[in-house]
Amino acid sequence: MTESRRSAYSRLDEWGALFAVPGVVFVTLQYGACEAERAAAEAHFGVAIHRWDDLDLTDDFDGTAALMASLDLVIAPATAVGELAAALGVPVWRFGGRDWTQLGSAVRPWFPAQRLFRPQAGEDISGVLSRMAGQLARRPT
């Protein structure tokens with residue numbers, strides 16, 4: 001974990017505004033040993049975060065891609081999850097700082113389905129997630 005990567009990641013308590021948006025069904029795409037974190041989020045925020053125990057999000061590429069393709073939106077930091085979803089044409093809201101992959105622009109040209117949410121002056125990741133929650137609440141259903 002480099003310092004630049006660390007700045008794109010968030011703590012569980014920073015997701016409260018997103019979990020509070022009414023009418024949203026949450027699906028975890030987080031791979032690796034994250035069951036305790038998912039259970040803590042469900043308990044803390046009073047939401048259900050769906051997952052399929054028979055789907056290996058690390059090693060079942062086809063199954064993971066099929067799950068992603070069925071989603072309306074993926075929210076992710078700069079990880080493989082957002083990259084794969086965007087490559088499949090799934091709308092992705094990627095949060096974190098500016099990086100070279102934007103090629104000096106405000107977008108990532110090869111992923112037209114991916115929208116970038118960067119921290120504004122004085123804003124941390126928690127603020128970015130809250131801003132995303134406001135936009136999510138305004139999305140048509």
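The side chains of E35 and R51 meet in a salt bridge, with N and O 3.7 Å apart; the term stands for a side-chain nitrogen of Lys or Arg within 4 Å of a carboxyl oxygen of Asp or Glu. This pair ties together distant parts of the chain, since E35 sits in helix α3 and R51 in the loop between β2 (49-50) and α4, 16 residues apart. Helices (H or I, at least four residues) and strands (E, at least two) are DSSP runs numbered from the N terminus. E35 counts as partly exposed at 41% relative accessibility, and R51 is also partly exposed, at 35%. On this scale, buried means under 20% relative accessible area, exposed over 50%, and partly exposed in between, with a 1.4 Å probe and protein chains only. Through shared partners, salt bridges join E35, R38, E42, R51 and D53 into one network.

The model is a predicted one, in which local features need pLDDT of at least 70 and side-chain atom pairs count only at pLDDT 80 or more, while totals for chains, interfaces and linings use all residues. Residues are numbered from 1 along each chain as its sequence is written, and side-chain values use heavy atoms, with hydrogens and water left out.

A search of the whole structure finds seven salt bridges. R11 takes part in a salt bridge with D13, where the closest N and O atoms are 3.2 Å apart, and in another with E14, at 3.4 Å from N to O.

Stepping back to the whole fold, the protein has six helices and five strands. Read from the N terminus, its elements follow the order α-α-β-α-β-α-β-α-β-β-α. Of the 141 residues, 36% are buried. Contacts (heavy atoms within 4.5 Å) between residues at least 6 apart in sequence join residues at least 24 apart in 42% of cases.

Leaving aside neighbours within four places in sequence, T28 is in contact with R38, I49, H50, R51 and L57. L29 lies in the loop between β1 and α3 as well, and is buried with a relative accessible area of 9%. The C-alpha atoms of L29 and L57 are 6.9 Å apart in space, although the two residues are 28 apart in sequence. Not counting residues up to four places away, L29 touches L57, L67, M68, L71, V74 and V81.

Which residues of helix α4 are buried? They are G63, T64, A65, L67 and M68, and their cover includes β1 and α5. T64, one of the residues of helix α4, has a relative accessible area of 6% and so is buried. The side chain of T64 reaches the backbone oxygen of D60 at 2.9 Å. Beyond four places in sequence, T64 touches L55, D56, L57 and L84. In helix α5 (residues 80-87), the buried residues are V81, G82, L84, A85 and A86. They pack against α4 (61-69), β3, β4 (92-95) and β5 (114-117). Just after α5, G89 takes a positive phi of about 85°.

Finally, the largest pocket has a volume of about 1,200 Å³. On a 1 Å grid over the protein atoms alone, a pocket is an open set of points where a 1.4 Å probe fits, with protein on both sides within 12 Å along at least five of seven lines, and lining residues have an atom within 4 Å of a point. Grid points are joined across faces, edges and corners, and the volume is the space filled by probe spheres set on the points. Of the 39 lining residues, W15, F26, V27, T28 and I75 are the closest to the centre of the pocket. At least two lining residues come from each of β1 (26-27), α3 (35-45), β3 (74-76) and α6 (125-138). By class, the lining has 26 nonpolar, seven polar and six charged residues. Here Ala, Val, Leu, Ile, Met, Phe, Trp, Tyr, Cys and Pro count as nonpolar, Asp, Glu, Lys and Arg as charged, and the others, Gly among them, as polar.

Definitions and conventions: Contact means heavy atoms within 4.5 Å. A polar contact is a pair of N or O atoms within 3.5 Å; within protein, one must be able to donate a hydrogen and the other to accept it, and residues adjacent in sequence count only if both atoms are side-chain atoms.
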